[in-house]
Amino acid sequence: MPSLKTIDLPARLAVAMPLWLGELVTALICLAGAGLLRFALDALTPGVAPFVLLFPATLIATLLGGWRPGGFTFAICEIWAWYNEIPPRGLTFKGEAQPANLLAIAAAGAVMIAVAQAFRFSARREMDARQAKLAERDLMLRELEHRMKNNLQTVEGLIQVQLHRATAEPVREALREALARVSSISEAHRNLYAGEDAGEVDMVVYLKELCANLADALFLGELVRLECRVDVAALDRDRAVAVGLIVNELVTNAAKHAFVDGGPGQIRVAFDRRAEGYRLTVEDDGKGLPPDFATRRRGLGRGLVEAFTRQAGGSLRVGDGPGARFEVDLAA
């Protein structure tokens, strides 16, 4: 049904010519195709089934352009067959050109045109209804994104108020971490809903914009560089937001803990397409993970990464490297 718009030839030609001329061109194309097939048939068996090509040519013309191209194609084909294909040649009422036969063929053609036109009308109406639903869904998504943004800003404001009131340094540090995470989630959602597609997210655009925003927000500067390499891929929004939040958390942790001595370094984010799905890799060349990382009690950051990985339907693995390396494998 949605492909009807792409095969509506007069509508596609309307940018270059009037509608009536587009309909005429549609009819002439169908007539040319029917004529070539007619000549091929006559080369094999001259005069066989004179009216056989009339119906498919009429059906195609009506589906492509409507009842006017279909009616024009039908009339020309019938007159052509009557004049050129039925012995004796000429507009006579002999052989298959008896008045009753011609009237029956004309009635069958009229029914075919009416049915094809009804199909076009029904298909167009369903396509318009579907587009209206998509537009409504997109509007609802925009409204949801707006409300979520407002809610996250409210949470940020409340945390900031508590941060100003707190006096104990451990409490202030915990509030600062909470504020950073809420800000990261807010930024991830802002990038996520910036696209036009209501169903899938272009991961190249999404992750590269997210990494650029993270580099600015974390003040990485020239000493610590953030590289982002993403293969062409599209994920549904639920999985995309989970991937974005994983990147947010791991890059933020790397910027905070990997280069504590203030020296230069590099953080790399890669999203690779693989035969079995996708692999997200976040790694750095910093001081590396502590020796007891695998056995030590899980902190909030690690717990969030594992939760987001489950949300994306993936599996998390701590890789080998000079610094910290995390890999998340996602099924296709």
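Me: In this predicted model, what makes the arrangement of five strands an open sheet, and in which order do they lie?

Reply: The order is β2-β4-β5-β7-β6, with mixed pairing, and the two edge strands, β2 and β6 (314-318), each pair on one side only. The twist from one strand to the next averages 10°.

Me: How do you know that β5 and β7 are paired, and how do they run?

Reply: Pairing requires at least two bridges between two strands, and seven bridges join β5 to β7, so the two count as paired, in the antiparallel sense. One example is V282, whose bridge partner in β7 is F326.

Me: Which helix packs on the sheet, touching β2 and β4?

Reply: That helix is α8, and its direction makes about 175° with that of β2.

Me: Why are M203, L207, V247, F271 and L280 called members of a nonpolar core?

Reply: A nonpolar core takes buried residues of kinds that include Met, Leu, Val and Phe, joined through side-chain atoms within 4.5 Å, where buried means under 20% relative accessible area. These five belong to the largest such core, of 40 residues, and touch the most other members. Among the elements that each supply at least two residues are α8 (203-217), β4 (265-274) and β5 (277-284), while the largest share, ten residues, comes from α9.

Me: Which residues does L207 touch, not counting those up to four places away in sequence?

Reply: L207 touches C228, V230, V243, V247 and F271.

Me: Which residues does the second core include?

Reply: This separate core has 14 residues, including A57, F74, L102 and I105.

Technical notes
Residues are numbered from 1 along each chain as its sequence is written. This is a predicted model: local features need pLDDT of at least 70, side-chain atom pairs count only at pLDDT 80 or more; totals for chains, interfaces and linings use all residues. Side-chain values use heavy atoms; hydrogens and water are left out. Buried means under 20% relative accessible area, exposed over 50%, partly exposed in between (1.4 Å probe, protein chains only). Helices (H or I, at least four residues) and strands (E, at least two) are DSSP runs, numbered from the N terminus. Contact means heavy atoms within 4.5 Å. Axes are lines fitted to C-alpha atoms, for helices over the stretch in contact, and angles run from 0 to 180 degrees between N-to-C directions.
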